Amino acid sequence: MNTVVNGLLFVHLFAAAMGVGGGIAMSQVGPRLVAAPAEQRDIWWPLATALTRISLIGLMLLLVSGPLILWLKFNGPAGLGGWFWAKMVLVAAGVVAIGVMEGAKARFRRGDEGAGRVLHAAGPLIGAIMGGVILCAVFAFN
Ligand code: HEM
């Protein structure tokens, strides 16, 4: 069982790296995509789509591996304190913010220029939320 839980923790940490790595890369690609004249955006979309996919796969793996570790290693959330619940609240806020971001990205791609403002605001917000998740995780489990 220990090996399974360690394997899941490896997946959890690697997935966090995928999420953060894709997000940091998008912090450079996203603003260039939004700022580019409409006819030049096709150069950026394949890169933006690939980086977004890496982040979203990371998020999915986090949301699957986290609850499994929680139950297999800690027998559920009962013994965990405020830092754990703060982490859960921030995870929920992050998932909502990512949903809003993806919606705005789809609208922007269809030609809604106003959605670019949402993208500018949502990127740094998601970065800050995920930083908070990692901070809470460290204090929750050590
Ligand atoms: C955006 C989503 C998430 C991120 C960025 C994230 C990040 C992290 C990080 C960095 C750690 C390592 C903390 C440490 O050991 O010092 C960790 C541990 C952990 N996370 Fe998450 N997590 C996320 C979602 C979740 C979810 C949804 C759950 C459960 C419902 C969860 C449950 C756990 C558990 C139980 C550990 C402790 C692992 C251990 O020490 O064996 N995580 N998380």
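**Helix packing and salt bridges in a predicted model**

Asn75 lies in the loop between H2 and H3, where helices (H or I, at least four residues) are DSSP runs numbered from the N terminus. The model is a predicted one, in which local features need pLDDT of at least 70, side-chain atom pairs count only at pLDDT 80 or more, and totals for chains, interfaces and linings use all residues. Residues are numbered from 1 along each chain as its sequence is written, and side-chain values use heavy atoms, with hydrogens and water left out. Although Asn75 is not a glycine, its phi is positive, at about 55°. Asn75 is also exposed, with a relative accessible area of 65%; exposed denotes over 50% relative accessible area, buried under 20%, and partly exposed the range in between (1.4 Å probe, protein chains only).

The packing of the helices may be taken next. H1 and H2 pack at an angle of about 155°, and their axes are 7 Å apart. Here axes are lines fitted to C-alpha atoms, for helices over the stretch in contact, and angles run from 0 to 180 degrees between N-to-C directions. The contact of H1 with H2 comprises 23 nonpolar, nine polar and one charged residues. In this classification Ala, Val, Leu, Ile, Met, Phe, Trp, Tyr, Cys and Pro are nonpolar, Asp, Glu, Lys and Arg are charged, and the others, Gly among them, are polar.

H1 (residues 2-35) also packs against H4 (residues 115-141), at an angle of about 165° and with the axes 10 Å apart. That makes H1 roughly antiparallel to H4. In H1, Val20, Pro31 and Val34 meet Gly116, Leu119, His120 and Ile134 of H4, contact being defined as heavy atoms within 4.5 Å. By class, this contact of H1 with H4 has five nonpolar, two polar and no charged residues.

Charged side chains form a further set of links. Side chains of opposite charge can pair when their charged atoms come close. A search of the whole structure finds three salt bridges, each requiring a side-chain nitrogen of Lys or Arg within 4 Å of a carboxyl oxygen of Asp or Glu. In one of them, the side chains of Glu113 and Arg41 meet at 2.9 Å, N to O. Glu113 lies in the loop between H3 (82-109) and H4, and Arg41 in the loop between H1 and H2 (45-74), so the pair ties together parts that are 72 residues apart in sequence. Glu113 counts as partly exposed at 45% relative accessibility, whereas Arg41, at 9%, counts as buried.

Another salt bridge joins the side chains of Glu102 and Lys105 (3.1 Å, N to O). These two residues are three apart in helix H3, and are thus separated by about one helical turn. Glu102 is partly exposed at 26% relative accessibility, while Lys105 is buried at 10%. Thr52, which lies in helix H2, is in contact with Met26, Glu102 and Lys105, leaving aside its neighbours within four places in sequence. Thr52 is itself buried, with a relative accessible area of 11%.

A salt bridge also links the side chains of Arg107 and Asp112 (3.6 Å, N to O). Arg107 is partly exposed at 32% relative accessible area, and Asp112 is partly exposed at 33%.

How values were computed. Parallel < 35°, antiparallel > 145°, perpendicular 65-115°, else oblique.
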